[in-house]
Amino acid sequence: MNYDEYYLLCREEYMKHNPSAEQVTLQNFYDETVVVRNLSSFPVEYEEAMNELSLKIKKDFDTGKDCDDDGLMVKHNNIWKFSKEIKQICDILAPVLERDKYSCYVYVDKIYIYRTETTKPDSSYLWHYDNNPHEIVKTLIYLNDVTEQNSPFEYLQKQGAPGYGFLGLCTRKGTKTCYKPPNGSRVGSQVEALLQQGYEKNKICGPKGTAISFLNNTYHKVNVLERGYRDVINIRVKPTLNPAPEYANEKWTTGFEHSGVVNMDPEKAWTKLV
Ligand SMILES: [Fe+2]
């Protein structure tokens, strides 16, 4: 089964259990590819957990503890030492995504915690899309204030239509459709043409705590650093037919230690680690 088919089943199931929920249209799900979350609607616990996590992570990155530096970013390799804060944040964020984005149950399958540190554009610092199925949404949370100078997230949107990003050609849709993407999902050469065709770039700056949800195939990049640093937690969710016992858990949520490519069988959902 492909993820788009599975997602339809998940929406049906969710509406059966939540008949009074307002269903988000499918068109909205696929068209509004980027949403900057309204933090004023989040409970105070979000800010508390995020501040706590921000302090702890800064300490580890500053001292080189539990992290690996590949020259492009410093990656945290022991996310579960922040289990309490991670679970608090996921327990606030995931229900918002279920209600306002998906209209189905979701679970957290991947969490990346990293610091951007390079001034050289390479890898995610170049225009790309992630090429997991469209139905996989990432939420990037800034753990320090981000300005034009310290690596804001940037995406390509329809002119004058914030949030309406451009989706790349997904070649990994599920068990029925899976082949190698053209040019390794790097799309820099197409961006210029799209700019001529009514698209524009949108850089998202914001204070610590800013949370940006995006369909992983939105054309996007991380800007290189001009000064300072940028710490983030990137929380990835997948649709699931049945709710998981909890949103994030060591049994079904991985970090940098596993590939970023999702299992091609959506039906496995949280019953498997990867
Ligand atoms: Fe990416």
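Trainee: Which residues of α3 are buried?

Mentor: Y46, A49, M50, L53, I57, D60 and F61 are the buried residues of α3. They share one side of the helix, because they cover an arc of only 95° around its axis. That arc is taken over the directions from the helix axis to the C-beta atoms. Buried means that 20 or more other C-beta atoms lie within 10 Å of the residue's own, exposed means 12 or fewer, and partly exposed is in between, with C-beta atoms placed from the backbone.

Trainee: And where do these numbers come from?

Mentor: This is a predicted model, in which local features need pLDDT of at least 70 and side-chain atom pairs count only at pLDDT 80 or more, while totals for chains, interfaces and linings use all residues. Residues are numbered from 1 along each chain as its sequence is written.

Trainee: Fine. Which exposed residues sit on the other face of α3?

Mentor: V44, L55, K59, D62 and T63 are the exposed residues on the face turned away from the buried side.

Trainee: How far apart are the ends of α3?

Mentor: The end C-alpha atoms are 29 Å apart. The 20 residues, 44-63, should span 28 Å at 1.5 Å a residue, so the two agree. The expected span is 1.5 Å times one less than the number of residues. Just after the helix, G64 takes a positive phi of about 75°.

Trainee: What do the buried residues of α3 pack against?

Mentor: They pack against β2 (67-69), β3 (73-76), α4 (83-102), β4 (105-116), β5 (137-142) and β10 (230-240). A contact here is two C-beta atoms, placed from the backbone, within 7 Å. Helices (H or I, at least four residues) and strands (E, at least two) are DSSP runs, numbered from the N terminus. The chain has five helices and 10 strands.

Trainee: At what angle does α3 run to β10?

Mentor: About 120°, with α3 lying across β2, β3, β4, β5 and β10. As for α4, it lies across β4, β5, β8 (211-215) and β10, at about 125° to β4. Axes are lines fitted to C-alpha atoms, for helices over the stretch in contact, and angles run from 0 to 180 degrees between N-to-C directions.

Trainee: What is the strand order in the seven-stranded sheet?

Mentor: The order is β1-β8-β5-β10-β4-β3-β2, in an open sheet with antiparallel pairing. Both β1 (34-36) and β2 are edge strands with a single partner, so one side of each has no neighbour in the sheet. From one strand to the next, the twist averages 25°. Two strands pair if DSSP finds at least two bridges between them.

Trainee: How many bridges link β10 to β4 and to β5?

Mentor: β4 and β10 pair over 11 bridges, and six join β5 to β10. I233 in β10 stands opposite I113, and I141 also stands opposite I233.

Trainee: Is β10 enclosed or open?

Mentor: Largely enclosed by the rest of the structure, because 10 of its 11 residues are buried.

Trainee: Changing topic. What is the other sheet?

Mentor: An open sheet of three strands, in the order β7-β6-β9, with antiparallel pairing. The edges are β7 (199-204) and β9 (220-222), each with a single partner strand. Between β6 (residues 153-158) and β9 there are three bridges, and F153 has V222 in β9 as its bridge partner.

Trainee: What is the phi of S103?

Mentor: Near 55°, which is positive in a residue other than glycine. Most residues other than glycine have a negative phi. S103 is in the loop between α4 and β4 and counts as buried, with 23 C-beta neighbours inside 10 Å.

Trainee: Where is E22 relative to S103?

Mentor: Their C-alpha atoms are 8.0 Å apart, although 81 residues separate them in sequence. E22 is in the loop between α1 (3-17) and α2 (26-31). E22 is exposed, with 8 other C-beta atoms within 10 Å.

Trainee: And S151?

Mentor: S151 has a positive phi of about 60° and is not a glycine. It is in the loop between β5 and β6, and counts as buried with 28 C-beta neighbours inside 10 Å.
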